[in-house]
Structure formats: structure tokens, C-alpha cells
Amino acid sequence: MGFGPRFIGWVRMLYAGAYSCVRVNGFLSGPVEQLGGVRQGCPLSPLLYVLFMEPFAELVRRDPGVDGVRLPGVAGEVLKIQQYEDDTTLFVSSGRSLGRIRALTDLFGAGTGSRVNMAKSSVLFCGRWTEDIGDSGGLLCVRED
């Protein structure tokens with residue numbers, strides 16, 4: 001993304017030797033070394049997370065195998081992905097695109113160690129969806145009424 005060594009050095013310095021404590025039932029643990037990810041409550045964490053997820057968003061936006069959804073009244077604009085904080089919503093209009101999204105998610109996960117939280121994820125069918133998507137990959141499938 002073009003960040004120079006000075007910026008990267010500052011981030012490394014802020015996270016070098018970082019420790020966290022865990023509070024469970026009112027009791028505070030001893031220090032736990034922060035080996036990966038970002039610290040909850042740290043003002044830098046949301047910004048680092050956005051930077052971390054942007055390559056995935058670019059993968060989706062640029063992939064011709066993801067058809068997205070055409071937006072009415074916006075001269076052919078296509079919506080493929082929407083992100084807010086740590087939530088990602090993907091828009092597709094074919095089973096083929098859904099399969100491609102799963103492949104991109106696997107690719108990004110293989111490179112970063114991240115994964116989809118299947119317990120918090122689902123597929124929502126809107127409008128006149130008649131195509132069979134095949135295996136949902138463990139995702140909950142919901143139909144709009």
C-alpha cells in the first residue's frame with residue numbers, strides 16, 4: 001500500500017512488547033504477550049484492521065468472476081462488497097459468484113491466517129433467486145419473505 005519504513009517502524013514500536021490482561025468474572029489475569037492481531041480498546045486497532053482487510057476488498061472488487069448486484073439509477077455501478085468496522089457484506093447474483101467468493105475467502109485466509117466465523121455468517125436470498133447454489137459450505141441459508 002506504499003507505507004514507508006518510517007510509518008511501519010512507528011507501528012512496530014507501538015506493538016513491540018505489547019501485553020494484555022484478561023478479566024474473567026471480575027478477576028484480572030497476569031500479562032499475556034500480544035503475538036498477533038490487534039489489541040482490543042487500542043485506538044490504533046480499528047485503523048490497522050481496515051488496512052488489513054482492504055486487500056480482500058480489492059480482490060473482490062477486481063475479480064471478474066464476482067458479478068455483484070447492479071444498482072438502479074447509478075449508470076451501471078455494481079455493488080460487490082460493503083464493509084463497516086469488522087463486518088463484511090458481499091453481494092452476488094449467481095451461484096457461480098458465490099463459489100468464487102468462497103475461493104477468494106480461502107485464498108485470503110491462506111495468506112493471512114484469518115477465517116470466516118461460520119456461526120455469525122449466513123447467505124440471504126433476496127428477490128427472485130431460482131438458481132441452486134449447491135453446497136453452502138456450512139453457511140446458514142435464509143430466504144427473504
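The model is predicted: local features need pLDDT of at least 70, side-chain atom pairs count only at pLDDT 80 or more, and totals for chains, interfaces and linings use all residues. Residues are numbered from 1 along each chain as its sequence is written, and side-chain values use heavy atoms, with hydrogens and water left out.

**Exercise 1.** Describe the lining of the second largest pocket.

Solution. Step 1: on a 1 Å grid over the protein atoms alone, a pocket is an open set of points where a 1.4 Å probe fits, with protein on both sides within 12 Å along at least five of seven lines; lining residues have an atom within 4 Å of a point. Step 2: the volume, the space filled by probe spheres set on the points, is about 580 Å³. Step 3: 14 residues line this pocket, and G37, V38, L48, Y49 and F52 are the closest to its centre. Step 4: helix 1 (5-15) and helix 2 (45-62) each give two or more residues, and helix 1 gives the most, five. Helices here are DSSP runs of H or I with at least four residues, and strands are E runs of at least two.

**Exercise 2.** Locate N25 and state its phi.

Solution. Step 1: N25 sits in the loop between strand 2 (23-24) and strand 3 (27-28). Step 2: its phi is positive, about 50°, although N25 is not a glycine. Most residues other than glycine have a negative phi.

**Exercise 3.** Which residues does F56 touch?

Solution. Taking contact as heavy atoms within 4.5 Å and not counting residues up to four places away in sequence, F56 touches I81, T88, L90, L104, T105 and F108.
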